[in-house]
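Have a go at each one before you read its solution.

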Amino acid sequence: MGRVIVVGAGVVGLTCAVRLLEAGHRVDVVARDLPLETTSAVAAALVFPYRAGPPEAVARWTARSEEVFTDLAGRPDEHGDHGVRVLPGTDAQRGEVTAPVVDMPRYLRWLVARVEDLGGTITRLNLARLPDPPGDGEDDLVVNCSGLGARLLGDDRSVTPVAGQVVLVEQVGLERWALDGRGPTYVVPRREEIVVGGTADDGEWSRTPSPEVARDLLARATELVPGLAGARVLRHKVGLRPGRPEVRLHRAGRVVHCYGHGGAGVTLSWGCADDVVAQLAPSVGSEGASPGAAPGT
Ligand SMILES: Cc1cc2nc3c(=O)[nH]c(=O)nc-3n(C[C@H](O)[C@H](O)[C@H](O)COP(=O)(O)OP(=O)(O)OC[C@H]3O[C@@H](n4cnc5c(N)ncnc54)[C@H](O)[C@@H]3O)c2cc1C
């Protein structure tokens with residue numbers, strides 16, 4: 001079994017770390033931002049593919065993640081509250097459907113506990129380049145889950161920010177999510193609060209919330225879910241999605257890249273993590289596990 005350094009402690013890095021540890025590898029996660037400081041902590045998060053490619057792989061990764069999230073939602077967990085629920089909702093395109101909804105701050109804490117329980121470590125480290133592999137073995141690897149940071153660490157200018165602003169309001173007894181294509185506009189309930197979104201500004205690096213945008217978000221959301229009228233505003237957040245024409249998931253020598261999940265990092269996380277693990281064991285069904293395009297490959 002290999003020694004692996006996972007770069008990045010967002011939902012993608014932590015999920016890869018869990019799967020790699022479960023497969024018996026030794027894993028150390030290093031990241032400039034710890035989980036609750038990442039883009040992942042800002043996600044709404046509905047398990048629904050948005051602004052990510054390529055379509056076939058996204059469909060497969062989403063289906064796999066849906067299975068895992070649905071399974072998690074259905075069982076009380078020995079590692080603490082994972083914050084995953086399957087809730088009914090309305091999607092302007094699909095009509096009435098149920099989907100997993102993930103309370104990200106809670107879920108990221110749960111992933112951290114999983115990593116640590118399985119013997120992994122998480123360390124804050126701001127890297128100027130990817131680290132060297134942690135050993136000489138074929139499976140001593142670096143897994144690059146640096147999200148937007150892959151512009152630098154993957155030397156990949158096709159990764160660009162897609163800024164998203166949300167408003168968190170108090171829970172008003174809402175147990176359904178709602179999504180429509182305008183904006184897009186979404187309302188996603190957590191147990192103690194409700195996430196109201198959103199925006200998708202290509203190429204925008206600012207994480208400063210705009211009061212005008214917040215007013216517009218609340219107006220759109222209230223049109224979609226009238227019960228939100230007058231709900232107390234708790235916080236404003238902006239996250240920078242790691243936009244890329246396609247997710248990059250492939251092995252290049254002793255580095256496995258896994259970044260560029262756009263608006264769907266939560267949705268794709270378990271499917272991608274399984275494919276990352278398959279890169280370490282090429283003999284065990286890894287065909288088709290490299291669907292994302294690499295720059296220049
Ligand atoms: C408003 C909003 C709503 C969203 N809603 C949803 C949703 O409903 N469903 C969904 O599936 N997705 C949603 N997303 C998208 C989702 O948040 C992202 O796709 C996901 O967070 C990407 O995860 P990641 O782990 O790749 O990146 P990140 O969470 O950004 O983590 C990247 C990690 O890499 C580290 N890193 C970067 N550079 C360096 C460096 N130089 N040295 C060391 N470490 C480095 C960072 O510090 C961080 O730890 C939403 C996003 C936003 C902003």
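**Exercise 1.** Which helices and strands each supply at least two residues of the shell around the ligand?

*Solution.* A word on the model: it's predicted, so local features need pLDDT of at least 70 and side-chain atom pairs count only at pLDDT 80 or more, while totals for chains, interfaces and linings use all residues. Residues are numbered from 1 along each chain as its sequence is written.

Step 1: helices (H or I, at least four residues) and strands (E, at least two) are DSSP runs, numbered from the N terminus. Step 2: the helices on the list are α1 (11–22), α4 (150–153) and α6 (265–279), and the strands are β7 (160–170) and β12 (233–243).

**Exercise 2.** Find out how many residues surround the ligand, and where it lies relative to the domains.

*Solution.* Step 1: a residue is near a molecule if its C-beta atom, placed from the backbone, lies within 6 Å of it. The ligand is surrounded by 43 residues, and Gly10, Gly147, Gly149, Gly239 and Gly265 are the closest.

Step 2: an automatic or database domain assignment sets the bounds. It gives domain 1 (3–87 + 100–159 + 245–279) and domain 2 (160–242). Both domains give residues to the shell, so the ligand lies between them.

Step 3: the C-alpha centres of domain 1 and domain 2 are 24 Å apart.

**Exercise 3.** Work out the strand order of the open sheet.

*Solution.* Step 1: two strands pair if DSSP finds at least two bridges between them. Step 2: the 6 strands run β5-β2-β1-β6-β14-β13, with mixed pairing. Step 3: β5 (121–124) and β13 (248–252) are the edge strands, each pairing on one side only.
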